[in-house]
Amino acid sequence: MKQDIERVLITRQEIDQRLDELAKQIYDDIIADSPSCPDNGTPIIPDITLVPILTGSIIFVADLIRRLPLKMQIRVMSVTSYPGTATSTKGASVEAALTRLPERLDGHHVLIIDDILDSGNTLKLVKEIIAKKNPATLRSCMLLRKQRPEALAEACEYIAFDIPDEFVIGYGLDYDDYYRNLPEICTLKPEVYENDL
Ligand SMILES: O=P(O)(O)OC[C@H]1O[C@H](OP(=O)(O)OP(=O)(O)O)[C@H](O)[C@@H]1O
Ligand SMILES: Nc1nc2[nH]cnc2c(=O)[nH]1
C-alpha cells in the first residue's frame, strides 16, 4: 500500500490537533444555541442528530464523536458519486438500503458529516433531503474542502482542512474502495490510476 503513495498532505498529528479544535467549536456553538434552565441557568441541550455520509466519513466521524460529550443520535446516509475507480463525480445518488434517516426531524439540530467537499453534489443533495424533514437547524461539517469554485460555493459551517484540488486518499477516503485505512491523508502516484482513466 505504501508504495502507491505520492506524498502525505496531512499527518495523523495534524488531524488529531485540528479535530480537538473543531469539536470544541461545534460543542460551543451547540451550547450557545441551547436555552438555559430557568432554575439554575444550565443549558438545556436539544436533540442532536448527526448524519454521517457513508462510506468515506467513517474514520472522521468515529474520531469526532468521541470528542463531543453530548447526547446524540447517529443516522447514517449512503451516497455514491465516485463508483469504483472514478476520480471525477458521476452524479450523486442515495443508496436507500444503507440510509437510516427518520421520516421527520422536527426539533432536531442536525449536523451532516462527510470526508470531503469537492464538486458539492453530495452535500447539496443531502441538504435538500434533510431540509424536507424540517429540522430545527441544519449544519455541515467536512474534514476536507478542495480549493475549487464549486466546493467554495457550497455553504458549510465547519471545515477541518482546505486542500489543493487533487485526488486524495486515506483516513476514510478511497480509490476503488482501497486505502481507507491509511492513517494520513495522501495523494496517489499517478501510475496507480492512470490506467483506469
Ligand atoms: O463533493 P462531491 O464531488 O460530491 O464529492 C464528495 C463525496 O465523494 C465521496 O463519496 P463517494 O461517492 O466516493 O463514496 P464513498 O464515500 O463511499 O467513497 C466522498 O466521500 C463524498 O461523499
Ligand atoms: N477518495 C476521494 N474521494 C473523493 N470524492 C471527491 N473527491 C475525492 C477525492 O479527492 N478523493
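This is a predicted model: local features need pLDDT of at least 70, side-chain atom pairs count only at pLDDT 80 or more; totals for chains, interfaces and linings use all residues.
Residues are numbered from 1 along each chain as its sequence is written, while chains are lettered from A and ligands numbered from 1 in the order in which they are written. Local features need pLDDT of at least 70, side-chain atom pairs count only at pLDDT 80 or more, totals for chains, interfaces and linings use all residues, and side-chain values use heavy atoms, without hydrogens and water.

Let's start with the sheet. Strand 1 is joined to strand 10 (residues 185–188) by four bridges, and Ile5 stands opposite Leu188 in strand 10.

Now to ligand 2. The residues around ligand 2 (a heavy atom within 4 Å) include Tyr82, Ile116, Phe167 and Leu173. Polar contacts here are pairs of N or O atoms within 3.5 Å. A polar side-chain atom of Asp118 lies 2.6 Å from a nitrogen atom of ligand 2, and a backbone N or O atom of Asp174 is also 2.6 Å from a nitrogen atom of the ligand. The protein covers 94% of the 280 Å² of accessible area that ligand 2 has on its own (Shrake-Rupley, 1.4 Å probe).

Finally, the cysteines. The whole structure holds zero disulfides, a disulfide being a pair of cysteine sulfur atoms within 2.5 Å. For Cys156, the closest cysteine sulfur, in Cys141, is too far for a bond because it is 6.8 Å away.

How values were computed: Two strands pair if DSSP finds at least two bridges between them. Helices (H or I, at least four residues) and strands (E, at least two) are DSSP runs, numbered from the N terminus. A polar contact is a pair of N or O atoms within 3.5 Å; within protein, one must be able to donate a hydrogen and the other to accept it, and residues adjacent in sequence count only if both atoms are side-chain atoms.
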